[in-house]
Structure formats: structure tokens, C-alpha cells
Amino acid sequence: MALEQTLAIIKPDAIKNKHIGHIIEKIEAKGFAIQQAFMLQLAQEEAAEFYHIHADKPFFNDLTTFMSSAPLMIMILEKENAIAEWRTLMGATNPSEAEAGTIRAEYANSIDENAVHGSDSVETAFEEITFFFDADEALDFEETPESDTAASE
Ligand code: CMP
């Protein structure tokens, strides 16, 4: 299994409901390293750019309005198989379908306000990480951590 990075966002509902700490506790308990983190509020046009793949969906306007309504917490999470593991920890997009113990089961209100976001593939993770961070802050997926360690010894 490969060491991966994924983009995680704590959404306005979870921030408003004071769940940042609870969510980070779950992230760390699952062994993710929080490699980068900061908070910012997007303009609606920036939220639209970030979610461009949903531009033709009926929920697009509500989604971009919500995602630009208040600050977000943006994180790069790193772990073996991080992309799939973060999606498992988030739970199903619709919290009513999310497994017990997942973040959305515990902290999300609805499919529109579902507490967290995560990348869905290696390609999307790279695109989403570089939306918020400089490319050189994102891990080069071709590099193995073992060879880094060996080189520095
Ligand atoms: P997220 O993982 O951030 O990706 C797109 C978001 O659109 C999704 O979480 C949901 O919050 C929101 N959304 C609203 N309605 C739907 C829907 N029917 N299917 C998928 N996503 C939806």
C-alpha cells in the first residue's frame, strides 16, 4: 500500500457546531498525520471553482453558497491509503446512510451540510491539494518515504 496524501475540509456546519476538536481527535486516532492545516473563507466563485465537477448538478448553487458562508478548515492528511481511509472515516455523503462511528454519522446534519469533505482519487487529491497549497507542499507520490529515510541516514 502506498503512502498517500488527501485533502480534508471541515465544513462550516461542523465549525459552527464546535466539532473541529472532535473531528481532529478521530483523524489522529486513526493514525493520519496532519501535514498542513489552515482556516479560510472562500468567495462563492472560489467554492464554484473548487467544486467545478458538480457544476451541472441541481445542488451546485446551494453547495457553493454553503461552502462560502463561513470559514473552512483545510488540511492535508497523510497515511498509507489515506484517500480511501479518509473517505471511510468520513462516512457516506448522506449522513442518514453513514455507518455508526463515522464523522458524518456523528456530526453531520444533512447531505447538504455534511461536516467534512475528502478527495475521491489520487488525481483529485493532487488537484484539490494544489487548489489550496503550493505544489511543492504536496508529496511527490513517486517518492518512497523509505528511500528518503535511507538518503538522510
Ligand atoms: P462533498 O463530499 O463535499 O462533495 C460534494 C457535496 O455536494 C457533497 O459533499 C454534499 O455535501 C453535497 N451534495 C448535496 N446534494 C448531493 C447529492 N445529491 N449527491 C452528492 N452530493 C450532494
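## Who surrounds the ligand?

Sort the shell around the ligand by class and you get four nonpolar, four polar and three charged residues. Keep in mind that this is a predicted model.

Which residues are they? Around the ligand you'll find K11, Y51, H54, F59, L63, T93, R104, I111, D112, N114 and H117.

## Contacts with ligand oxygens

Let's zoom in on some polar side chains. K11 has a polar side-chain atom 2.7 Å from an oxygen atom of the ligand. For H117, an N or O atom in the side chain is 2.9 Å from a ligand oxygen.

How much of the ligand does the protein bury? On its own, the ligand exposes 450 Å², and the protein buries 77% of that.

Where does the ligand sit? Its place is the largest pocket, which has a volume of about 510 Å³. There are 23 residues lining this pocket, and Y51, H54, L63, T93 and H117 are the closest to its centre.

Now for the elements behind the lining. Those giving two or more residues to the largest pocket are α4 (60–67), α5 (82–90), β4 (116–118) and α7 (122–132). Which element gives the most? That's α7, with three residues.

By class, the lining of the largest pocket splits into seven nonpolar, eight polar and eight charged residues.

Key: Residues numbered from 1 in each chain as written. Predicted model: local features only at pLDDT ≥ 70, side-chain atom pairs only at ≥ 80, totals over all residues. Heavy atoms only, no water. Near = heavy atom within 4 Å. Polar contact = N/O pair within 3.5 Å; in protein donor to acceptor, adjacent residues only side chain to side chain. Areas by Shrake-Rupley, 256 points an atom, 1.4 Å probe, with all protein chains shown as cover. 1 Å grid on protein atoms, 1.4 Å probe; cavity = no way out; pocket = protein on both sides within 12 Å on 5 of 7 lines; lining within 4 Å. Sits in = over half its atoms within 2 Å of the grid points. Nonpolar A, V, L, I, M, F, W, Y, C, P; charged D, E, K, R; others polar. Points joined across faces, edges and corners; volume = space filled by probe spheres on them. Helix = DSSP H or I, 4+ residues; strand = E, 2+ residues; numbered from the N terminus.
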